[in-house]
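The sequence and structure come first.

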Amino acid sequence: MSDALLEVENLRVSFPSPRGERVEVVRGVSFRVGRERLGIVGESGSGKSITGRAILRLIRPPGRVTADRLAFRGRNLLDLSDTAMREVRGAGISMVMQDPKFSLNPVIRVGDQIAEALVTHERRPSREVRRRVIEMLQAVRIDDPERVARLYPHQLSGGMGQRVMIAMMLIARPDLLIADEPTSALDVSVQAQVLDIVDALVRDEGMGLIFISHDLDLVSSYCDRILVMHRGEIVEECAAGRLREARHPYTRGLLAAVPRLDDTREELPVLDRRAMGGT
Amino acid sequence: MTLDAPARGLEPASADRSGSAGRGAARLARSLAAVAASVFATFLGLLAITFFIGRVVPIDPVIAVVGDRAPKDVYEATRIALGLDRPLVEQFARYCLAVLSGDLGTSISTGNRVVDDLRHVFPATLEMATIGIVIGVGLGVPMGVWAAARQGSWIDQVIRVAGLLGYAVPAFWLGLVGLAVFYARLKWVGGPGRLDIAYDGLIEPVTGLLLVDSLLAGETEIFANALWHLALPCSVLGFFSLAYIARMTRSFLLDQLSQEFVVTARVKGVPEWKVVWKHAFRPILIPLVTVIGLSYAGLLEGSVMIETIFSWPGIGNYLTTALLNADMNAVLGATLVIGAVFIGINKLSDILYRVLDPRAA
């Protein structure tokens with residue numbers, strides 16, 4: 001794949017433990033993303049969110065990030081100065097986070113928060129910025145964008161908040177969007193709406209998407225390719241349609257634990273961790 | 001509004017906005033009325049407390065007037081003249097009316113009306129406290145932010161140690177050492193008192209604040225002298241409030257810096273100084289207002305130690321002298337002023353919350 005947006009080779013992230021030694025939470029992860037939709041699944045603590053944050057260099061000391069290669073459009077992100085890295089953030093790679101209740105600033109109007117994402121990267125007359133904010137809110141299917149732009153985050157529902165978040169992260173037209181559990185904090189009924197919006201915008205702009213989730217079904221229906229992470233490592237990589245053919249015992253275990261509508265099983269199987277040589 | 005809407009046709013939002021501004025004004029008026037009502041109620045409570053203290057303390061106001069050797073009939077006549085034979089409710093009503101008309105009685109130790117005394121001593125404290133809190137906020141807030149933004153670095157350690165010193169060092173010691181070094185030895189600052197004796201009484205008090213009055217009178221020399229005298233006590237007070245404010249700012253900000261919305265700001269590519277000063281700092285303004293308000297109120301109460309060491313004719317000094325002389329009118333008057341200051345500052349911070357916190361409206 002020559003048109004890779006992001007190349008990750010042997011990415012490792014470690015944190016010091018209270019006892020002094022360092023604990024690796026991401027252990028040598030390698031993958032590439034082009035203008036496609038890549039899903040990363042795994043249980044909580046598997047290192048999938050940390051991987052997403054490490055790509056944006058958001059791991060702060062005492063956390064430590066190393067990689068043989070962490071390149072975005074050919075530039076090694078780990079070599080960039082802080083200023084150069086800030087240009088990549090938002091305009092090159094951006095990230096939709098989990099819960100809009102916590103990820104939006106409570107004392108700044110949402111319109112201003114969205115505008116800031118654009119203004120940080122492009123100097124533009126304020127009229128035009130305003131117009132772009134309204135357009136962006138329309139793009140995430142908010143009916144009354146002028147009114148919503150003047151609201152504060154606590155006046156929004158979860159679904160609305162997450163749409164605002166998406167508008168904010170896409171307004172500077174990044175090439176790659178990391179969506180870190182973007183729907184986990186939302187009602188099931190709103191999840192599909194929000195994901196459809198992300199999906200449509202990513203396709204229209206021809207962006208790359210890294211969709212991080214613990215939800216196998218969701219990931220397999222919105223992604224082209226899937227990585228399965230377990231204890232800081234990628235244990236399986238497959239096309240979304242061929243997930244049922246997965247071979248790794250962890251993936252098989254996860255799949256077996258998914259309830260189905262036509263289920264006749266008395267009991268849902270749980271993961272047999274001994275089979276994976278794990279904890 | 002509907003008439004000029006077509007003229008602004010391009011921006012229908014603006015018509016909408018002026019409408020919401022009108023509603024905002026009405027809401028502001030309503031909340032101001034609510035604040036005024038609660039200030040009044042609190043003040044009434046304060047009056048009840050000072051009145052009650054006046055009745056409970058074992059000082060007989062009649063004896064304070066006639067002396068303890070007065071014959072019984074003189075004593076009785078004075079008692080009736082003072083209205084002390086009336087029911088308590090009536091006495092309280094009279095007291096409230098007297099206070100509202102500005103009559104706090106006469107001080108037995110100074111022989112002046114308490115109101116006039118207070119008009120003299122409170123501005124002295126106000127001047128010192130205000131400059132003190134300006135120093136405390138002006139240096140303390142940036143120091144706290146700086147320390148939090150570089151948590152664990154040497155600068156954080158220095159600021160934390162300085163803050164700890166502010167807690168640990170007694171005010172009187174710092175004041176005395178300050179006088180010994182900067183006044184007696186180096187002669188960088190003025191000594192005790194508000195002015196050099198040569199300038200005393202030259203300025204007609206208008207506001208009672210020497211810095212303001214001297215400028216009003218066009219006396220720059222006196223202005224400079226007053227500033228020279230204020231420098232040391234204000235620095236000491238400033239240091240103490242700085243220590244507290246910097247500590248609180250640091251801990252509030254650290255709390256905000258670990259929030260997800262700070263990560264959001266970084267993801268957008270916002271520069272780090274802006275992440276700190278805009279995204280993390282704005283939310284802490286709300287608790288910070290409380291901290292600053294309380295320290296200011298504490299300073300206005302009059303730092304007795306500092307006022308004693310610097311022979312400052314402020315309210316702390318006045319109250320202490322009055323207490324030692326069992327001068328009840330003066331004590332109650334000063335208590336009333338201090339209580340009123342607390343009420344005022346608390347209400348002011350309530351109003352500021354509403355402005356600063358969109359969730360409070």
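## Second largest cavity

The second largest cavity in this predicted model holds about 30 Å³ of space. Its lining consists of B:I159, B:R160, B:G163, B:A243, B:A246, B:R247 and B:R250. By class, that lining has three nonpolar, one polar and three charged residues.

Two helices of chain B, α6 (154-168) and α9 (220-257), each give at least two residues to the lining of the second largest cavity. The largest share comes from α9(B), with four residues.

## Largest cavity

In total, two cavities of 30 Å³ or more are counted. The largest cavity has a volume of about 50 Å³. Around the largest cavity are A:A179, A:P182, A:L195, A:V198, A:D199, A:L209, A:F211 and A:Y222. Two or more lining residues come from each of α8 (188-205) and β9 (208-213) of chain A.

With three residues, α8(A) provides the largest share of the lining of the largest cavity. Seven of the lining residues are nonpolar, none is polar and one is charged. A:D199 is the charged residue.

## Nonpolar cores

In soluble globular proteins, nonpolar side chains tend to be buried together. The largest nonpolar core in this model has 91 residues. Those with the most contacts inside the core are A:L6, A:F31, A:I93, A:V164, A:L177, A:I210 and A:F211. One of these, A:F211, also belongs to the lining of the largest cavity.

What does A:L177 touch, leaving aside its neighbours within four places in sequence? The contacts of A:L177 include A:S94, A:M95 and A:V96, and also A:M169 and A:L170. Further partners of A:L177 are A:V198, A:V202, A:M207, A:G208, A:L209 and A:I210. Among these partners, A:V198 and A:L209 also line the largest cavity.

Another core, of 70 residues, lies apart from the largest one. Its members include B:C96, B:A129, B:L253 and B:V275.

## Interface between chains A and B

How many residues of chain B are in contact with chain A? There are 24 on the chain B side, and they are in contact with 32 residues of chain A. Between them, the two chains bury about 2,500 Å². Carbon and sulfur atoms account for 58% of that area.

On the chain B side, B:V267, B:K268 and B:P358 lose the most area to chain A. Together, B:V267, B:K268 and B:P358 make up 27% of what chain B buries there.

Notes. Residues are numbered from 1 along each chain as its sequence is written. Chains are lettered from A and ligands numbered from 1 in the order in which they are written. This is a predicted model: local features need pLDDT of at least 70, side-chain atom pairs count only at pLDDT 80 or more; totals for chains, interfaces and linings use all residues. Side-chain values use heavy atoms; hydrogens and water are left out. On a 1 Å grid over the protein atoms alone, a cavity is a set of points where a 1.4 Å probe fits but cannot get out, and a pocket is an open set with protein on both sides within 12 Å along at least five of seven lines; lining residues have an atom within 4 Å of a point. Grid points are joined across faces, edges and corners, and a volume is the space filled by probe spheres set on the points. Ala, Val, Leu, Ile, Met, Phe, Trp, Tyr, Cys and Pro count as nonpolar, Asp, Glu, Lys and Arg as charged, and the others, Gly among them, as polar. A nonpolar core is a set of buried Ala, Val, Leu, Ile, Met, Phe, Trp, Tyr and Cys residues joined through side-chain atoms within 4.5 Å. Buried means under 20% relative accessible area, exposed over 50%, partly exposed in between (1.4 Å probe, protein chains only). Contact means heavy atoms within 4.5 Å. Buried area is the accessible area (1.4 Å probe) that two parts lose on being put together, summed over both.
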